[in-house]
Amino acid sequence: MHEVGLAQQTLEIALDAARREGAQTVRKLCLRIGEWSGVELEALRFALELVTEGTPAEGAELIMERVPPACRCAACDCLFNVAEYDYHCPKCGAESQQLCQGREMDLVSLEVA
Amino acid sequence: MCDHCGCSAPPPDAAHEHDHSHAHAHGHAHGHTHHHDHDEERRTVALHQSLMAKNNLLAERNRGFFLGRGLLALNLMSSPGSGKTALLERTLCDLRDEFKMATLVGDLATDNDAVRLRKAGSPSVQISTGTVCHLDAHMIQHALEDLGAAQVDLLFIENVGNLVCPAGFDLGEDLRVVVMAVTEGEDKPLKYPSIFHGADVVLINKVDLAEAVEWTSDKAREHVRQAAPHATQLEVSARTGAGLEAWYSLLRERLLAKRAPRTAGHAHSH
């Protein structure tokens with residue numbers, strides 16, 4: 001799995017942002033991870049603990065939000081979760097082809113000091 | 001040394017702060033933070049940045065490169081042993097007189113596949129990923145440098161055999177092709193919904209073995225349709241050649257479609 005690589009990306013983005021802010025340390029990282037991103041949360045947590053060691057982000061609190069796959073209906077604009085491979089809008093029955101969430105791996109925010 | 005992305009650049013200067021982090025014991029005196037509120041002020045920084053941002057940027061560069069060259073790039077993904085390499089060998093042979101083709105092949109180790117594909121008469125670059133379970137846009141960029149200036153109509157990228165991780169990495173391709181073999185069972189699309197949902201084309205390979213493994217075509221088609229309602233489904237056998245004409249037609253159509261707007265654009269500027 002590629003959680004270590006993702007953890008390194010996370011750290012890089014976080015340290016860049018902290019530097020821009022003139023902050024000394026990163027105290028908290030808030031992530032949004034889609035259920036279809038292929039990322040295992042516990043593996044990512046472990047990898048982040050590993051790669052932040054000895055950096056200004058060492059010991060930072062990790063908040064991870066798991067995001068279920070969902071589509072936005074092209075016909076009626078309704079947002080619905082994809083359950084059991086059903087891509088049909090529960091309101092109007094139209095079939096959606098595009099996921100609007102569920103694949104993301106985002107660093108939403110951080111807390112610095 | 002990488003000019004595009006600084007990939008051999010040293011990591012962020014984290015180690016310098018080492019002493020600070022050793023003084024971590026300060027953290028225990030938690031109460032202190034109240035006294036030092038003014039110099040320990042926490043603030044929230046909103047980022048909303050994708051961890052894939054770097055990959056996505058490089059993927060867009062690849063996409064621009066493909067567009068500039070007028071070539072059609074295909075990302076072939078599957079579990080190990082579904083017959084991606086055999087399918088490509090056959091395709092390279094059958095379309096040899098019609099198109100200039102090249103392949104980039106990802107594997108953890110060995111260049112066996114690149115050697116096989118070169119024997120089929122097209123340039124091939126092996127990407128050895130070491131322990132990495134997928135190809136990313138950066139690896140493609142370097143492999144394209146290795147491929148050199150060869151003129152190419154169709155570029156096949158054979159991803160690392162894996163039905164999980166490759167789904168998350170945009171390589172800049174035009175078409176995502178997921179290959180599954182009849183020996184894998186009809187419910188593969190339901191077991192790996194993420195990669196199947198991202199597919200433009202699902203190729204069911206080894207249909208010559210269908211009877212031996214009691215493959216139920218209707219059931220499989222329905223499962224693919226459930227997981228990837230928008231995907232084109234093709235049943236082929238790389239060994240016997242069954243169904244391959246439909247695959248070749250798809251390649252011809254997509255290449256034409258990709259090149260068409262460019263031609264129109266030129267006419268306009270004239």
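In which hand does helix 4 of chain B cross helix 5 of chain B? Some notes on that and on the rest of the fold, bearing in mind that this is a predicted model.

1. Helix 4 of chain B goes past helix 5 of chain B in a right-handed crossing. Who touches whom? On the helix 4 side the contact uses B:Thr85, B:Ala86, B:Leu88, B:Glu89 and B:Leu92, and helix 5 answers with B:Asp113, B:Arg116 and B:Leu117. Sorted by class, that makes four nonpolar, one polar and three charged residues.

2. On the geometry of that pair: helix 4 covers residues 84–94 of chain B and helix 5 covers residues 112–119, and they pack at an angle of about 20 degrees with axes 9 Å apart. Angles under 35 degrees count as roughly parallel, so helix 4 and helix 5 of chain B are roughly parallel to each other.

3. Now the sheet that takes in both chains. Four strands make an open sheet in the order 2(A)-1(A)-6(A)-1(B), with mixed pairing. Its edges are strand 2 (61–67) of chain A and strand 1 (43–50) of chain B, each of which pairs on one side only. On average, neighbouring strands here are turned by 15 degrees against each other, ignoring direction.

4. Inside that sheet, strand 1 (residues 26–34) of chain A runs parallel to strand 2 of chain A, and the two pair over seven bridges. If you want a spot to look at, A:Leu31 has A:Met64 in strand 2 as its bridge partner.

5. Helix 1 (residues 3–20) of chain A lies across strands from both chains: strand 1 and strand 6 (105–112) of chain A, plus strand 1 of chain B. Helix 1 runs at about 40 degrees to strand 6 of chain A.

6. Chain A also has an open sheet of three strands, ordered 4-3-5, with antiparallel pairing. Strand 4 (79–81) and strand 5 (99–101) are at the edges with a single partner strand each, so one side of each has no neighbour in the sheet. Neighbouring strands in this one are turned by 45 degrees on average, direction ignored. Strand 3 (residues 70–72) pairs with strand 4 of chain A over three bridges, and A:Cys71 has A:Phe80 of strand 4 as its bridge partner.

7. Last, the interface as a whole. In contact are 39 residues of chain B and 38 residues of chain A. The two chains bury about 3600 Å² between them, 58% of it on carbon and sulfur atoms. In chain B, the residues losing the most area to chain A are B:Arg42, B:Arg43 and B:Leu51, together 20% of what that side buries.

Terms used. Residues are numbered from 1 along each chain as its sequence is written. Chains are lettered from A and ligands numbered from 1 in the order in which they are written. This is a predicted model: local features need pLDDT of at least 70, side-chain atom pairs count only at pLDDT 80 or more; totals for chains, interfaces and linings use all residues. Side-chain values use heavy atoms; hydrogens and water are left out. Axes are lines fitted to C-alpha atoms, for helices over the stretch in contact, and angles run from 0 to 180 degrees between N-to-C directions. Angles under 35 degrees count as roughly parallel, over 145 as roughly antiparallel, 65 to 115 as roughly perpendicular and the rest as oblique. A crossing is left-handed if the near helix is turned anticlockwise from the far one by less than a right angle, and right-handed if clockwise. Contact means heavy atoms within 4.5 Å. Ala, Val, Leu, Ile, Met, Phe, Trp, Tyr, Cys and Pro count as nonpolar, Asp, Glu, Lys and Arg as charged, and the others, Gly among them, as polar. Two strands pair if DSSP finds at least two bridges between them. Buried area is the accessible area (1.4 Å probe) that two parts lose on being put together, summed over both.
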